[in-house]
Structures are given as structure tokens and as C-alpha cells.
Amino acid sequence: MALTLYVDTARWRAHHKHVQEQFPGLVPVCKGNGYGFGHERLAEEATRLGSDVLAVGTTYEAARIKDYFGGDLLVLTPYRRGEEPVPLPDRVIRSVSSVDGVYGLVGARVVIEVMSSMKRHGVNEHDLPQLHAAIENVRLEGFAIHLPLDRTDGSDAVEEVIGWMDRLRAARLPLHTMFVSHLKAEELARLQQQFPQTRFRARIGTRLWLGDHDATEYRGAVLDVTRVSKGDRFGYRQQKAASDGFLVVVAGGTSHGVGLEAPKALHGVMPRAKGVARAGLATVNRNLAPFVWGGKQRWFAEPPHMQVSILFVPSDAPEPKVGDELVAHLRHTTTQFDRIVDR
């Protein structure tokens with residue numbers, strides 16, 4: 001019995017086609033855990049879409065995925081001198097975020113990242129004069145800009161890209177291709193209209209693979225159910241049951257990513273209040289599990305184990321049976337399933 005990712009395959013793929021139609025020249029992104037689907041599966045889906053380029057996070061990911069995808073592979077993590085060399089085919093394109101990095105990749109295919117308002121990495125405006133000499137010894141595939149998701153200052157993403165296009169043009173650098181991230185379809189269309197000689201290619205991961213939430217669902221299988229009475233001791237730490245109910249052992253533990261949560265940016269009073277409430281409950285060993293039973297999200301009876309979680313289901317709820325499956329609200333990017341089922 002397993003933690004299973006169920007995929008409504010027809011619906012999932014219909015969403016892929018819809019995104020592809022909105023973003024001509026789309027470059028699918030497959031990095032990390034493959035957005036919960038795995039590298040091999042997303043390479044297959046990118047091939048099905050007819051993609052000529054697939055973006056990956058690191059050179060190590062490129063080495064693993066090269067046997068599953070026959071097109072070009074764009075490594076998003078910028079090259080740094082002194083990094084561990086990883087044998088890769090010529091169809092791999094490296095991202096570079098410094099002039100020194102360009103000089104370190106003589107003969108290679110490169111995409112040069114420019115510094116956006118993300119302020120993460122990229123060449124700055126004062127670096128542009130030095131790029132003329134640097135790019136003579138590489139095969140320049142284009143420039144790239146990685147934009148922020150939120151713009152709390154009210155700034156315009158398109159204007160930020162236009163600013164960089166103007167700088168690159170003023171520096172007489174080639175502008176045949178610009179890779180962009182986190183633009184809306186209408187924003188991309190505006191840019192393409194203003195710069196018809198440049199091909200804009202949107203690198204998209206989350207919106208492509210996870211944009212239709214109802215196309216996928218995680219479920220954990222019930223492995224055991226034990227009835228307990230108030231005061232009964234249980235588990236590794238021999239805690240007491242707070243009331244009558246059931247201890248439900250369900251597939252899905254820390255090795256799957258259950259119980260792991262990435263930090264979130266909270267906006268507004270209510271989300272912050274809920275965060276404070278959750279933290280307060282955690283101090284008295286009350287942690288809400290991602291598993292749903294009887295229409296309610298249930299509590300962990302104790303912290304999740306490596307491959308299973310133990311939940312407490314009160315006696316006024318329906319009694320789970322071995323073999324039942326509980327829907328699990330899990331983040332795709334931090335979850336590792338046991339099996340995937342297309343339906």
C-alpha cells in the first residue's frame with residue numbers, strides 16, 4: 001500500500017496544450033523533484049509537446065535527464081569557475097551570470113542572464129561593454145531575465161524587460177533571443193509586438209505542470225486502524241490519547257515529504273493570525289496533518305514516521321478501514337510518491 005499520485009491524464013495534458021498556445025516558443029522547466037512527477041515523466045511530456053528545449057536546474061539534473069529527452073537542455077544554475085565538471089553532451093546550454101563566467105566557457109553554448117529586480121544573479125549594466133569581447137569565443141544562444149513573482153511596488157514587468165532590451169541594444173549586443181520567466185501571456189505578447197526581431201521564450205514550470213490543481217491528487221492508503229480510549233498510551237513517546245477514537249496508520253511519511261513545509265510569505269492580518277495559531281498549537285504537540293478523512297483535515301497523533309504517519313480520528317467520525325485511501329494536501333515540489341497512476 002502506497003502514497004499515490006493520481007493524474008487525470010487527459011485533463012493534465014489539455015492544460016499543457018493550453019499553456020503552450022498562450023506562450024509560443026515555451027521552454028518547459030523540469031528541476032528539483034520534477035514538480036512532483038519526476039524527471040523521466042516530465043521529459044516524456046515535454047517530448048509529447050514537441051519542445052526543442054527543456055530547462056533543468058543543475059548540471060547533475062542535465063546528466064540524469066539527457067537520456068530521456070532528445071532536444072537541447074538549458075541549465076538554469078549559472079556556471080561558476082571551479083565547479084565540479086560533469087560530462088555533458090554538446091546539446092547542453094549553460095546559463096552564465098558574469099563576464100568571467102563567459103570567459104570560462106570557451107566554445108560552449110551559453111545564455112547570459114541579466115540582473116533583474118530579483119537581485120539574485122546576472123550581469124549588470126556596467127558589465128555590458130566587456131561582453132563584446134567575451135562572447136566572441138562562445139556560441140551565444142541568447143539573453144535571459146528572471147523576474148519576481150510579486151510586484152508590491154506597482155512596477156511593470158514589461159517595462160523592466162524593455163529597459164534591459166534597450167540597454168543591450170545600446171551596447172550593440174545581439175538580441176535574437178530573450179528567455180523570460182514569470183510573465184503573463186499578454187505581457188509576453190506586448191514584448192513580442194514591440195521587438196519583432198527578437199524571439200521571446202518563456203521558461204515555465206509551475207504554471208505548466210501544476211496550473212490545473214484538479215488534474216492531480218495525492219492519496220495515502222490506510223495500513224492499520226487501532227481503536228483507543230481516552231488515556232491510552234501509544235506511539236514512540238507513549239503519549240496519552242486525549243479522547244476516544246482511532247489511531248490510523250497511513251502511507252506517507254517524512255521520506256515522502258509529509259510533515260515538511262517550505263516557508264511562505266504571508267500577506268495580510270488573517271494569514272499571519274493563522275500562522276501564529278498553528279505555531280501555538282505545535283508547542284503543545286497539536287499538528288494538523290495533510291490527510292483528509294470524513295470531510296475534515298485530521299491531526300497527527302504524533303510526528304510522522306519515515307514512511308507512514310499516524311493520525312488521530314475521533315470516535316464521532318466514520319471508522320477508517322484498512323485499504324481506504326485518504327486524500328492528502330501535499331506540495332508537489334516537496335513530495336515523493338511511491339507510485340503514479342494515470343486515469
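Trainee: Why is Glu160 called buried, rather than exposed?

Mentor: Keep in mind that this is a predicted model. Glu160 has a relative accessible area of 15%, and because buried means under 20%, Glu160 counts as buried.

Trainee: What makes Glu160 and Arg151 a salt bridge?

Mentor: The side chains of Glu160 and Arg151 meet at 2.5 Å, N to O, and since the cut-off asks for a side-chain nitrogen of Lys or Arg within 4 Å of a carboxyl oxygen of Asp or Glu, the pair qualifies as a salt bridge. Side chains of opposite charge can pair when their charged atoms come close.

Trainee: And why is Arg151 given the label partly exposed?

Mentor: Arg151 has a relative accessible area of 22%, and the label partly exposed covers what lies between buried, under 20%, and exposed, over 50%, so Arg151 is partly exposed.

Trainee: How do you know that Glu319 and Arg227 form a salt bridge?

Mentor: Their side chains meet at 3.5 Å, N to O, and because the limit is 4 Å, the pair counts as a salt bridge. This pair links distant parts of the chain, with Glu319 in the loop between strand 16 (308-314) and strand 17 (325-328) and Arg227 in strand 10 (residues 216-228), 92 residues apart.

Trainee: Which parts of the chain does the pair of Asp342 and Arg41 link?

Mentor: The side chains of Asp342 and Arg41 meet in a salt bridge at 2.8 Å, N to O, which links Asp342 in strand 18 (residues 339-342) with Arg41 in helix 2 (residues 39-48), 301 residues apart. Arg41 is buried, with a relative accessible area of 11%, whereas Asp342, at 41% relative accessibility, counts as partly exposed. Both residues belong to a network of salt bridges that also links Arg13, Glu44, Glu45 and Arg48.

Trainee: How many salt bridges are there by this rule?

Mentor: The count comes to 25 salt bridges.

Trainee: Turning to the nonpolar residues, which of them have the most contacts inside the largest nonpolar core?

Mentor: Those are Phe37, Leu131, Phe143 and Phe200, in a core of 91 residues. The largest share of this core, seven residues, comes from helix 6 (residues 157-170).

Note on methods:
Residues are numbered from 1 along each chain as its sequence is written. This is a predicted model: local features need pLDDT of at least 70, side-chain atom pairs count only at pLDDT 80 or more; totals for chains, interfaces and linings use all residues. Side-chain values use heavy atoms; hydrogens and water are left out. A nonpolar core is a set of buried Ala, Val, Leu, Ile, Met, Phe, Trp, Tyr and Cys residues joined through side-chain atoms within 4.5 Å. Buried means under 20% relative accessible area, exposed over 50%, partly exposed in between (1.4 Å probe, protein chains only). Helices (H or I, at least four residues) and strands (E, at least two) are DSSP runs, numbered from the N terminus.
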